[in-house]
Amino acid sequence: MATVTTLLDAISGIGRDPVRGGYSRPVFSAAETDLRAWFTAEARARGLGVETDRNGILWAWWGEPHKGALVTGSHLDSVPGGGAFDGPLGVAAALAAVDVLNERGVQPNRSLAITVFPEEEGSRFGVACLGSRLLTGTIDPDRARALRDADGTSFADAARAAGLDPEHLGRDDESLARIGDFVELHVEQGRGLGEDGPAVAVGSSILGHGRWKLTVHGQGNHAGTTLMEDRADPMVAAAQIITAVQQAAAAQPGARATVGRIQAVPGGTNVIASRVQLWLDVRHEDDAVTAQLVEAIHGKAQKTAAFEGCTVALSQESFSPTTSFDLALQRQLQLALPQAPVLATGAGHDAGILAGHVPAGMVFVRNPTGISHSPEEYVEDADADYSAQALADVLEALL
Ligand code: GLV
Ligand code: MN
Ligand code: MN
C-alpha cells in the first residue's frame, strides 16, 4: 500500500526549477506531461481504467465510468516556482485513498473516479481552472483555443501537441453528468489550521477572484539620448500603478489585490520601454466590491498614465464569483471528519468552478508555514499520510 509521502517522493524530481526554486510545471510542459504519465501508471497499477476526455482532463475509474459517480482529484500543473503540494497532494491522496479503501474491503455502491485537471493555475495560458471551465462551458472554446502563452503558442496548438483535438474542446455534458459529487483535497494555503489542532478542515467557500491585464503604452526610446522631460515612459507609470493597487486594496476591508507579474516590452536595460504589461489579481467576498476596486484602479491608472504621457488599456482575463460549496455535501464531509473545522479559502480551485454545476466540496490539509505558491509551502509527512485516511473516510461515507 502506497503512502502519500512515497507517492510524492516519486515525483519530487519532476519539474524542479533551478532558477526560481521549487517547481515549475506548466500545463502540457515536459514536466506536467511526465506527471500525467506517472498518474496514469499509478492508477493502472491499482486496476483503475484511465481515459482522457476531450478537454484534457484525466479520469481514472474504479468501477465502470458511470453517471453520478463520486469524483475526487486535483491538478498537477503549478505556478512558476511553486511548492510541492498545491495540486499533487490531492492527486496523491486520492491514489492512496483507493489503497486505503481496498484495504478496508470497501465495496462501493457507486463508481469512483480520480480526476486530474489541466491548467488549474493558469500559469501558462492566463486563465485559471481552464480544464474545468471548458468542461462546464464557463469559457467559450474559441476564446480558449486563441489563448497564447509567453512564447506565442496558442492553447489550440499546445492541446494538439498533447494529443487533443482542439476542435473538440468545450462544454462536455457527458463528462459533467458523470460527476455526482466532487471532493477536492488540497493543501491549506493560509494559516487556517494550527499546530495543535486537527490536521484537516472542511471547505465552506472560495473568495471571488479575477485577473485583469493592464497595458501601459508609451514611447520606446533611447535611454541615453532622451532627456528626462521628453519621455513617455510606461515603466514609470507602471510603478505608480502598482503602488495605487496596493493602496486601493489596503483601504478596502477584506480585499486582496496583487500585481505578481510585469513585462516590459521590448525589455532592454538601455531602452525606454514602449509598452508595459501588468497582470492584476483582485479578490473580495463581495463581487460588486471587486468590480468597484478594479474600476477605481483603472481610473487611477488612466490618470497616472496620462500624467506620464502614456495611455493605458484594461482587459479582463478571468473572473470567478464568490462560491459557497454545496451545504448538504459539506455536512456529509463534516460528519465523516467530525474533528475538522470549517474553513473558507482565498484561493481558487477547480472545485469552485464545478460547484456552479454539481455538488462540490473540499478538504484542506494543514500547512505549517502558512505559505503557498512558493517553495516554502509545506505539509508534514504525518499530515500528508493522514490526508489519505481522511479522504478515504470521506469517500467511504459517500460511496
Ligand atoms: C489558484 O491557486 C489561485 O487562487 O489563484
Ligand atoms: Mn491548487
Ligand atoms: Mn495554486
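I began at Asp17, which is buried at a relative accessible area of 10%. I am working from a predicted model. Asp17 pairs with Arg20 in a salt bridge, with 2.6 Å between the closest N and O atoms. Arg20 is exposed, with a relative accessible area of 54%.

I looked up the total: the structure holds 16 salt bridges. I then picked out the one between Arg36 and Glu32, at 3.7 Å from N to O. Both residues sit in helix α2 (residues 30–45), four residues apart, about one turn of the helix. Arg36 is buried, with a relative accessible area of 11%. Glu32 is buried too, at 0% relative accessibility.

Next I checked Arg104. It forms a salt bridge with Asp393, and the closest N and O atoms are 2.8 Å apart. Arg104 lies in the loop between α3 (88–103) and β4 (112–117), while Asp393 is in helix α12 (residues 381–398), so the pair ties together parts 289 residues apart in sequence. Arg104 is partly exposed at 34% relative accessible area. Asp393 is also partly exposed, at 26%. I noted one network as well: salt bridges with shared partners join Glu42, Arg46 and Asp99.

**Largest pocket**

I turned to the pockets. The largest has a volume of about 1400 Å³. Its lining has 49 residues, and Val79, Pro80, Glu121, Arg211 and His373 lie nearest the centre. I listed the elements that give two or more residues to this lining: β7 (209–217), β9 (256–265), β11 (275–283), β12 (311–320) and β14 (342–345). β9 gives the largest share, five residues. By class, I read eleven nonpolar, 21 polar and 17 charged residues in the lining of the largest pocket.

**Second largest pocket**

The second largest pocket holds about 440 Å³ of space. I found 21 residues lining it, with Arg148, Asp149, Lys213, Arg261 and Trp279 closest to the centre. Here α5 (141–146), β9, β11 and β12 each give two or more residues. Which element gives the most to this lining? It is β9, with four residues. The lining of the second largest pocket divides into eight nonpolar, five polar and eight charged residues.

**Surface patch**

Last, I looked at a nonpolar surface patch. Met235, Ile242 and Ile262 make it, and it covers about 230 Å². I placed Ile242 in helix α8 (residues 234–250). Why does Ile242 count as partly exposed? Its relative accessibility is 31%, and partly exposed runs between the buried cut-off, under 20%, and the exposed one, over 50%.

Notes:
Residues are numbered from 1 along each chain as its sequence is written. Chains are lettered from A and ligands numbered from 1 in the order in which they are written. This is a predicted model: local features need pLDDT of at least 70, side-chain atom pairs count only at pLDDT 80 or more; totals for chains, interfaces and linings use all residues. Side-chain values use heavy atoms; hydrogens and water are left out. On a 1 Å grid over the protein atoms alone, a cavity is a set of points where a 1.4 Å probe fits but cannot get out, and a pocket is an open set with protein on both sides within 12 Å along at least five of seven lines; lining residues have an atom within 4 Å of a point. Grid points are joined across faces, edges and corners, and a volume is the space filled by probe spheres set on the points. Ala, Val, Leu, Ile, Met, Phe, Trp, Tyr, Cys and Pro count as nonpolar, Asp, Glu, Lys and Arg as charged, and the others, Gly among them, as polar. Patches are made of residues with over 30% relative accessible area and no salt bridge: like charges are joined within 9 Å, nonpolar side chains (Val, Leu, Ile, Met, Phe, Trp, Tyr) within 5 Å. Accessible areas come from the Shrake-Rupley method with a 1.4 Å probe; for residues, only the protein chains shown count as cover. A salt bridge is a side-chain nitrogen of Lys or Arg within 4 Å of a carboxyl oxygen of Asp or Glu. Buried means under 20% relative accessible area, exposed over 50%, partly exposed in between (1.4 Å probe, protein chains only).
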